[in-house]
Amino acid sequence: MDVDAIDAVDVHVHVEEGCHGETALPEEFAAAAAKYFRSDGVGRDLQAIADHYRERRTAAVVFTVDARTQLGRVGVPVAELLDAAADHADVLIPFASVDPRRGATAVAEARSFVRDHGARGFKLHPTLQGFDPSDPELRPLWAEISDLGVPVLIHSGQTGIGAGLPGGGGLKLRYSNPMLVDDVAADFPDLRIILAHPSVPWQDEAISIATHKPNVFIDLSGWSPKYFPEQLVRAARSFLQDKVLFGSDFPLITPDRWMRDFEGLGIDGPVRSKILKDNAVRLLGLA
């Protein structure tokens with residue numbers, strides 16, 4: 001990837017449709033999330049995503065989430081996504097996903113996704129996948145990802161997936177408390193962790209972890225910047241300016257909408273450059 005040819009790096013882009021029409025979420029979950037976010041309904045497959053970001057001179061970290069145990073279905077095939085992303089290496093940075101509840105199988109898949117399919121990192125969603133990041137049974141998975149030398153993007157805070165459905169679709173928000181990830185960051189100091197989203201209602205916890213642990217970062221996806229918690233904006237402007245990353249949560253929030261609202265925060269100069277591009281280039285090893 002030619003980093004001089006891009007103006008920004010969006011570290012949070014969902015691929016909602018596979019190469020053969022597979023969908024990432026069951027229909028009722030997808031509909032509920034679209035309603036919650038009032039999404040713009042732009043392209044959902046890999047080709048459309050690549051075109052969308054190429055037009056904007058923006059690189060995109062793309063992924064799906066393997067939640068087969070929790071949802072009882074296989075969504076977008078991860079290996080196919082990784083292989084297809086190689087055709088768009090000028091703008092796409094593919095992350096893999098494994099289902100942590102599959103134990104040793106998940107560990108073996110993680111190794112293969114990096115070594116055989118070119119994954120540049122992993123995306124996990126504790127609430128959607130139904131797991132506690134601090135569970136001792138997950139230590140082999142964290143160790144494997146750390147040994148592979150790639151970062152892991154972990155959902156934190158409230159989620160729009162399941163919002164409004166009876167019982168929230170059975171999804172449990174407590175699994176996405178960032179304090180559960182603090183255990184992982186402490187025990188695996190070489191594992192680079194990105195806490196996805198403003199971690200409402202645990203924003204202070206996320207800021208504390210990112211301040212305390214050199215290996216923990218925060219992405220700013222999933223919320224319009226005009227709704228960011230005030231303490232997150234203050235941290236991004238100052239003591240966490242090297243550890244926060246632009247992320248949209250495409251297609252639920254588009255980069256155009258995010259960028260438009262980000263301008264209202266009054267963050268400019270070197271700090272703006274760090275958030276939109278430089279921090280991600282360094283963290284993902286793109287230079």
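His-197 is buried, at 6% relative accessible area (buried is under 20%, exposed over 50%, partly exposed in between, with a 1.4 Å probe and protein chains only). The model is predicted, so local features need pLDDT of at least 70 and side-chain atom pairs pLDDT 80 or more, while totals for chains, interfaces and linings use all residues. Residues are numbered from 1 along each chain as its sequence is written, and side-chain values use heavy atoms, with hydrogens and water left out.

His-197 sits in the loop between β6 and α9. Helices are DSSP runs of H or I with at least four residues, strands are runs of E with at least two, and both are numbered from the N terminus. The phi of His-197 is near 85°, a positive value in a residue other than glycine. Pro-201 lies in the loop between β6 (193–196) and α9. A cis peptide bond joins Val-200 to Pro-201, with omega about 10°.

Another cis peptide bond links Phe-250 and Pro-251, with omega about 5°. Pro-251 is in the loop between β8 (244–245) and α11 (255–262).

Arg-57 also has a positive phi, about 50°, although it is not a glycine. Its loop runs between α2 (46–55) and β2 (58–63). Arg-57 is partly exposed, at 39% relative accessibility.

**How α8 meets α9**

At what angle do α8 and α9 pack? Helix α8 (residues 178–187) and helix α9 (residues 203–212) pack at about 15°, with axes 9 Å apart. Axes are lines fitted to C-alpha atoms, for helices over the stretch in contact, and angles run from 0 to 180 degrees between N-to-C directions. That makes the two helices roughly parallel (under 35 degrees; over 145 is roughly antiparallel, 65 to 115 roughly perpendicular, the rest oblique).

Pro-178, Met-179 and Asp-182 in α8 meet Glu-205, Ala-206 and Ile-209 in α9. Contact means heavy atoms within 4.5 Å. The residues of this contact divide into 4 nonpolar, no polar and 2 charged. Here Ala, Val, Leu, Ile, Met, Phe, Trp, Tyr, Cys and Pro are nonpolar, Asp, Glu, Lys and Arg are charged, and the others, Gly among them, are polar.

Asn-215 lies in the loop between α9 and β7 (216–219). Asn-215 is buried, at 6% relative accessibility. Leaving out residues up to four places away in sequence, Asn-215 touches Ala-185, Phe-188, Pro-189, Leu-191, Arg-192, Ile-193 and Lys-243.

**Salt bridges**

The count comes to 12 salt bridges. A salt bridge puts a side-chain nitrogen of Lys or Arg within 4 Å of a carboxyl oxygen of Asp or Glu. Examples follow.

| Pair | Closest N to O | Relative accessibility |
|---|---|---|
| Arg-56 and Glu-55 | 3.3 Å | Arg-56 27%; Glu-55 64% |
| Arg-68 and Asp-66 | 3.0 Å | Arg-68 27%; Asp-66 9% |

In the table, Asp-66 is buried, whereas Glu-55 is exposed.

**Arg-101**

Arg-101 is in the loop between β3 (92–94) and α5 (104–117). Arg-101 is partly exposed, at 40% relative accessibility. Not counting residues up to four places away in sequence, Arg-101 touches Thr-69, Gln-70, Gln-129, Gly-130 and Phe-131. Arg-101 and Leu-240 are 139 residues apart in sequence and 33 Å apart in space, C-alpha to C-alpha.
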